[in-house]
Each structure stands twice: as structure tokens, then as C-alpha cells.
Amino acid sequence: MFRLNQSRIRKSGVCALALCTAGMLSACAGADGKVQIEPVKSEIVHEEDEPDAVPDAGDESQETLTEETGNDHAGDTGNNGNSAEASAETEKLKEWFGENCITEQTFKVGLSEYEEEVYFVPYHPVEDGQAFFMQIVRDGEILTQINGYVPESLEGERFGSLDAVSFFDVNFDGNTDIVLIETYGDTTFAAVYYGVPGFADEHDSYFREQGQLSDRLTESLDTVTISKIRGFLSEGKKNGVFSGYQEAYEAIIRLRELENPGETEYSEGMQYDLIDFDGDDIPELVAGVNGYHVSLYTYSEGSVYVLMDSWAYGAMGNAGFEYSPGNNSLRNYNADYAGAINYLTYMTIGQQHSLEQVVQIVIYNFDDVNGNGIPDEEEQGSIGYYGVNKIDGREVTAEECAAYDLGGYEYIEGKMSAAKLLEELGR
């Protein structure tokens, strides 16, 4: 397994409202404690003045959209004016998910983080001063809970409404993200949550709020709507229809600049570069904060792909990531136990436009007498006086290890500002 020494980001706030949520659901729970949910036709609402709204909740991009429904349309689930049918569906949703669920923004959707369709269920705050929250539910089981983002400037304001919900891949990483338009007090703002697929199973999937991105999107728009957010980020283009790598990388740079905290006393902020990683005449885009983390993107036939997503380095024994220009080879040195164990990893871009591990060579610089893979106290005297290379637990020679090295490696790091790189791209 490729060892990056990165801490796993954990879900936050999942239990904060568990007790009140359980109260909402208990009224319709069966003997097994699960909410009894029946199949339901769920349609997505669109405003006629939003021409780029996506009409099909089941399209290949896993993208759905409801735009500017607002409280005036509570209970309108797209039933073409059939108020009786709409009212009946509203009552069913309240029966299944509780009286506090925001029925007009509750949808059955396909999200990439889950194998089957799920319900997206937002809730009004239980008490004044609390933020609203959301749940992802399937077959009566709460798969994850998402606490609603509230800008610092609006803390203490009363929740007004959830005005719009959209599901699409904001950061081009192949995962479905959630974009909301919320109102607190008299202020409407955007809230973005990046989807993170589970490490072990679907229950580990979660959605991470993007506070700075949300605030900067709100500041950048005269009117906050889903269509204007998409227009601002990528001129309304979905991944897969970019005209060339220049246009695709411009969208990436715009997004990363919105996420960029800027210069600090310790760094220059986000820096960029174009490199020839795989020799296919289309450059790869580098974006990162030097000495802290780096991302790498590639382009093919209208789509941009994330090869490295803010991979951390510069601490915990990770020296950084290198590439052999034009040879489709990444190299990484990593150390543990103060250098007693070293990991030398080689990766390549595979057919699925992702980095795949070619080999990991584990270098033991101590005599592991008891074979437990760590330098115990009685073995520490051998550190630096012993060395053995292993691949998949098998001892190998230095010559066999050297065969993976394609030579000429350079560090993957940013070398110019966003403005300079956009100039090079002709944008």
C-alpha cells in the first residue's frame, strides 16, 4: 500500500444532533428501529429562468439540481400543479423523516459515494440559534449526517430557508459534491460540501464543508444561484466537454484560487506549474503550497482528472514527490522510525487516468531479529549497520530495485503564480 503519512480526515459533528434526530425518526420507526420507507417518485424542481438546470436526476454525471424553490413553494415537488398529489407526497416525507424535514428540498438521488440511490434529507433547526442539518438516508438507515455551514459573520442569526440544492462534481475529483443556497436572517449565501467516499464501506462516506470556498463564491456573485455558481467556476461547463486542456486548467486554477488562503509568513500560498509527466504532448497541471501539499491534474478528450489531491509532504519523513519527465513515472521517498525504515514507491498513470502503484520497496536499515517489522529497543543498536530491501516481503537485490528507476527525476512543485500560468495558457 502506498504510504503517504497523511492523517485520515474524520467525520465531524455526526453525533451532535443525534438525540434530537432520533426523536424525529422514532414516530415512524418499526420494531427494528429503522424508518419504514416505501418507493416514491421524486422529481427535481427547476425554475424556468435557469436555462442550465439539469433536468434528469439519473444522468451519467450523477448530477441533479433544484434551483430557487424557496419557502413560497413549500410542498411543490414538481407535480405540475396537482396540489393534492403534492400534499400527499409532502405528508409521506414528513411521516418517514419527521415533521422538521424540509420536504420541498428532500430528494431521492444517485451520489457517487453510494452504490444505490439515497435520500437527501435536510432539517429545520430544532431550536432557535441552531444550524440546520442534513442526513443521507437509505432504507431507513442514516448513512451520514452533515451539519449545515454558517459563515462566521452570520453566527447567531436565525435560519431562514434552504433555497436551492445541487449535486455535482465541483472539484473534478470524480466524487459527487453538494452545493446549497441558504438564507440566515436577511442574508443568502452559498455552501459547498466536498464528497469523500468511504475507506472501508459506504458508512465511511461523508461530506466536508468548504468554508472559505463558500464565502468567496458568495462574495464573487451579485446574486447567489446555482447556475451563477456553475457559470463562475467553469463557465457552466461540466467535466467532459472542455474544448482543451487550457480551458480545463483555467477552471481548476479558478477553483484553487478560491480555496487558496494566500501568502503567509511561512509560504507563498498556492503556486502552479505545467510539466510533461507522461510524454503525450499534453502537459499536466501542478497546484500546491510548496513544502506542505501538492496536487496534480491531467487532461484527456474533454475531461480533467485528479492524479494527486493535496498530497501532503515535508513532514513525517516524506521528502516530496518526484517525476521523470516524459516517462510516466512518479517516485516518492518516505521514512519511518527516524529512518530505520524507508519506503521507496514508484507510480504511473494507468488506463483509468489515475496514479497506480508500480512497486513499493521497503528498506530496513536495522536487523529485524524477531521479524515484527519495527525496530524494538534491543534492535536499535543495529540501525545504520544493516540493510535489506524487500518487495512484498521478499528480499531483493539493489540491482532489482534500480530497474524501476527511470532517471532524471525532478520534484513536483509550483513555480509560478496563477496569473503567470494563465498567461502561459493564453487565458
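1. Of the 427 residues in the protein chain, 50% count as buried, meaning under 20% relative accessible area with a 1.4 Å probe and protein chains only. This is a predicted model: local features need pLDDT of at least 70, side-chain atom pairs count only at pLDDT 80 or more, and totals for chains, interfaces and linings use all residues. Residues are numbered from 1 along each chain as its sequence is written, and side-chain values use heavy atoms, leaving out hydrogens and water.

2. The protein chain has seven helices and 20 strands. Both are DSSP runs, numbered from the N terminus: helices are H or I with at least four residues, strands are E with at least two.

3. The chain exposes about 20,400 Å², by the Shrake-Rupley method with a 1.4 Å probe. Carbon and sulfur atoms supply 45% of that area.

4. Now the contacts (heavy atoms within 4.5 Å). Among those between residues at least 6 apart in sequence, 52% join residues at least 24 apart.

5. Strands pair if DSSP finds at least two bridges between them.

6. Arg138 stands opposite Glu141 in β5.

7. Strands β12 (residues 293-300) and β13 (residues 303-312) run antiparallel, joined by seven bridges. His293 stands opposite Ala312 in β13. Two residues lie between the strands of this hairpin, and Glu301 takes a positive phi near 50 degrees.
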